[in-house]
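Please look over the sequence and the 3D structure shown below before reading on.

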Amino acid sequence: MSRSALVGNVTAMLRDADFVVSERCAVRPKSFDLAARRGEDLLLLKILGNIDAFDAVTGAEMRRLGNYLSATPMVLGMRTRDEDLKPGVVYFRHGVPVFNPDTAYDLFIEEVPPLIYAAPGGLYVDIDGDLLADERERRGWSLGRLASELGVSRRTVSKYEDGMNASIDVAIQLEKLFEQPFSTPVSVLDGADEVRDADPTPQDPEADPEDAHVVTVLTRAGFDMHPTARAPFKAVGEDSDSREENLLAGHSAFTRSAEKRARIMSSLGAVTRTRSVYFVEKRAKRDSVEGTALVGCDELEAMRDPDDVRDLIRERADEPAD
């Protein structure tokens with residue numbers, strides 16, 4: 001299956017699951033392909049045939065964007081160089097959860113979250129330690145008795161009851177012994193933080209010197225600006241005054257390529273619930289591109305009041321689509 005067909009299939013599946021899905025980010029470079037929202041769940045998705053193409057720089061960018069936009073970054077893929085991705089299993093690459101489209105279908109359509117995740121050494125599940133301890137005590141079994149049944153040490157059983165993960169084989173043994181499951185789902189929509197190392201968010205890349213003036217103006221207007229490396233926009237602006245008007249910001253001469261990026265930013269803004277603004281060197285003949293405000297850098301030079309910058313962006317972003 002071609003990558004375009006795979007993206008199309010995933011888009012259709014998400015829409016069937018009542019997600020609002022953005023236009024595909026058909027520009028380069030790009031850290032993600034789609035944004036999708038259902039209620040308060042916002043996803044940033046990278047879709048690949050072979051997940052070996054997902055590199056550390058892209059992973060860091062997706063994690064940063066997830067943090068700034070309150071979104072869950074994830075990768076949907078079919079295989080690695082050596083094997084197909086197993087259904088029902090969550091993998092991790094560069095701190096981002098990865099799984100195949102069948103697992104996504106179960107999660108989003110059937111609302112059945114995965115139970116298994118891959119980690120060094122094999123496949124594992126999280127055990128509900130409190131439930132296990134309660135069932136063991138209800139049967140009157142000691143730690144030693146259960147350890148003997150499982151072929152592990154008393155210390156290991158104690159760790160299971162304290163919340164340590166278990167191999168698939170142990171989980172199956174427990175289910176047979178007690179005639180009930182003890183596995184807990186992987187919280188994919190929360191980034192699966194409970195089953196991976198909670199690394200800090202990677203630092204922002206250096207801003208392009210050509211964007212310095214725009215960043216300075218938006219900072220004065222009350223936005224904490226975060227440059228991007230591979231997104232369809234140059235920066236994300238978090239509203240430092242808690243006015244909940246976060247921004248996607250672009251900057252370049254107004255070319256056909258810039259117009260395409262502005263259109264994609266409009267689609268992304270609608271899904272991520274952010275405004276979008278594209279700064280051009282000289283004021284364009286129109287005020288917006290499908291909801292992305294167009295602002296000339298020459299206009300910014302005449303503005304002294306930060307609220308005037310906010311008002312201008314808001315007015316043009318709210319203009320009817322052209």
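Strand β11, residues 223-227, has 4 of its 5 residues buried, so the strand is largely enclosed by the rest of the structure. Here buried means under 20% relative accessible area, with exposed over 50% and partly exposed in between, using a 1.4 Å probe and protein chains only. Strands (E, at least two residues) and helices (H or I, at least four) are DSSP runs, numbered from the N terminus. This is a predicted model, in which local features need pLDDT of at least 70 and side-chain atom pairs count only at pLDDT 80 or more, while totals for chains, interfaces and linings use all residues. Residues are numbered from 1 along each chain as its sequence is written, and side-chain values use heavy atoms, leaving out hydrogens and water.

**The sheet**

β11 pairs with strand β12, residues 235-239, in the antiparallel sense over 5 bridges, where two strands pair if DSSP finds at least two bridges between them. Within this pairing, H226 stands opposite V236 of β12. The open sheet has 6 strands in the order β11-β12-β13-β14-β16-β15, with mixed pairing. Because β11 and β15 (288-289) stand at the edges with a single partner strand each, one side of each is left without a neighbour in the sheet.

Contact means heavy atoms within 4.5 Å.

| Helix | Strands | Angle |
|---|---|---|
| α2 | lies across β11, β12 and β13 (247-251) | about 30° to β12 |
| α9 | touches β13, β14, β15 and β16 (292-296) | about 160° with β14 |

**The cores**

A nonpolar core is a set of buried Ala, Val, Leu, Ile, Met, Phe, Trp, Tyr and Cys residues joined through side-chain atoms within 4.5 Å. In the largest one, of 36 residues, F32, F233 and L268 touch the most other members. Elements that each supply at least two residues of this core include α2 (56-69) and α9 (256-272), and α9 gives the largest share, 6 residues.

**Two crossing helices**

The axes of α5 (residues 143-150) and α6 (residues 154-161) come within 8 Å and cross at roughly 100°. The two helices are therefore roughly perpendicular to each other, a description used for angles of 65 to 115 degrees, whereas those under 35 count as roughly parallel, over 145 as roughly antiparallel and the rest as oblique. Among the residues making the contact are L146 of α5 and V157 of α6.

How values were computed. Axes are lines fitted to C-alpha atoms, for helices over the stretch in contact, and angles run from 0 to 180 degrees between N-to-C directions.
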